[in-house]
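Trainee: I have a model open and would like to learn how to read its features. Could you walk me through a few?

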Amino acid sequence: MENRRYDYSPIIHRPKIEWPDHGRVALWVAPNIEYFHYDMPIRGSGSTHTPDVPGYTLRDYGSRVGVYRIMDVLDKHGIRASVLLNAEVCEQHPPIIEEGNKRKWEWLGHGMTNSISMLDYPPEEERAIIHNVREIITKSTGKAPKGWLGPGLGETGDTPDHLAAEGFEYVCDWGNDEQPTPMRVKNGRMVVVPYELGVNDIRVFIRESHTPEQYFRLVCDHFDTLYKDSASGGRVLCLPLHPFVIGMPFRIKYLDKALDYMCSHEGVWRTTGAEIAEWYYNHYYKDPGKFEG
């Protein structure tokens with residue numbers, strides 16, 4: 001079936017995008033800060049039993065230790081994180097919220113918990129879940145989330161419409177481009193802000209078994225191509241992180257090195273997902289029309 005959410009738009013035929021201060025690459029760093037239920041199998045781990053002690057405790061390590069290593073590295077490079085936040089973190093691990101707020105981090109909706117995909121809820125409950133996520137994050141952080149990434153990037157056919165109706169302005173599940181994409185929704189407006197899968201640390205390390213040195217090379221090579229191609233129009237580089245992955249002692253310095261390399265180039269806009277969406281809305285957005293589902 002044809003995808004009617006957005007139009008096919010070859011990048012070679014678009015008007016040139018330029019980021020603030022003649023920026024070439026919009027760099028946003030996206031830690032996935034998640035909460036997992038002890039009495040449920042860890043999604044994506046291959047485990048079907050509970051308690052999955054190795055799987056659960058690895059992820060718990062990320063919330064107890066790894067996330068604070070990420071904070072130190074991002075502070076060093078003057079980068080505000082754009083956090084994909086499970087709403088249950090707000091109650092279960094409030095020191096993370098406190099430390100993130102000190103740094104003026106952005107908080108995006110990322111479902112209630114990573115133990116449950118949006119696809120696991122009855123369809124009639126999906127909008128209520130999205131509403132609850134927004135309310136919990138707003139109350140806990142003091143600011144309503146503007147962006148969304150579903151746990152496991154799961155969406156139903158109605159998710160973009162529910163997000164727009166609940167006040168979200170951008171979604172990251174659709175990894176279709178290197179620039180924002182206007183998306184059709186039934187009411188309101190929505191854009192896709194690119195969320196990168198290729199250099200996602202969980203894919204690089206856990207699924208593809210690359211070494212930390214290879215991760216560094218992959219990120220730098222990825223950046224080099226985007227930086228070169230940005231001569232014809234600004235690009236977005238999202239660096240997704242997971243505290244239980246990149247926060248390991250033998251990996252963290254390679255995140256530091258990769259950020260040092262990228263930030264040493266002129267025209268790198270160290271930004272957040274919301275700032276990218278706002279700039280695009282204000283300067284390049286064209287209404288694609290309503291979604292007729």
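Mentor: Gladly! Let's begin with Asp256, which is buried, with a relative accessible area of 17%. Buried means under 20% relative accessible area, exposed over 50%, and partly exposed in between (1.4 Å probe, protein chains only). This is a predicted model: local features need pLDDT of at least 70, side-chain atom pairs count only at pLDDT 80 or more, and totals for chains, interfaces and linings use all residues. Residues are numbered from 1 along each chain as its sequence is written, and side-chain values use heavy atoms, with hydrogens and water left out.

Trainee: Which side chain meets that of Asp256 in a salt bridge?

Mentor: A salt bridge is a side-chain nitrogen of Lys or Arg within 4 Å of a carboxyl oxygen of Asp or Glu. For Asp256 the partner is Lys76, at 2.9 Å, N to O. Lys76 sits in helix α1 and Asp256 in helix α8 (residues 252–263), 180 residues apart, so the pair links distant parts of the chain. Helices here are DSSP runs (H or I, at least four residues) and strands likewise (E, at least two), numbered from the N terminus. Lys76 is exposed, at 57% relative accessibility.

Trainee: How many salt bridges does the count come to?

Mentor: The count is 12. Among them, Glu275 pairs with Arg80, the closest N and O atoms being 3.1 Å apart. Glu275 is in helix α9 and Arg80 in the loop between α1 and β2, so this bridge ties together parts 195 residues apart in sequence. There is also a network of salt bridges linking Asp75, Glu99, Lys102 and Arg103.

Trainee: How should I read a helix such as α4, and which of its residues are buried?

Mentor: An α-helix has 3.6 residues a turn, so residues three or four places apart point the same way. In α4, the buried residues are Glu126, Ile129, Ile130, Val133, Arg134, Ile137 and Thr141. Seen down the axis of α4, they fall within an arc of 135 degrees (taken from the directions from the helix axis to the C-beta atoms), so they line one face of the helix. Elements they pack against include β2 (82–85), α3 (94–102) and α5 (159–165).

Trainee: And the cysteines: how many disulfides are there?

Mentor: A disulfide is a covalent bond between the sulfur atoms of two cysteines. With the cut-off of sulfur atoms within 2.5 Å, the count is 0. The sulfur of Cys90 is 17 Å from the closest cysteine sulfur, in Cys172, too far for a bond. Cys172 is in no disulfide either, with the nearest cysteine sulfur, that of Cys238, 6.9 Å away.

Key. Contact means heavy atoms within 4.5 Å.
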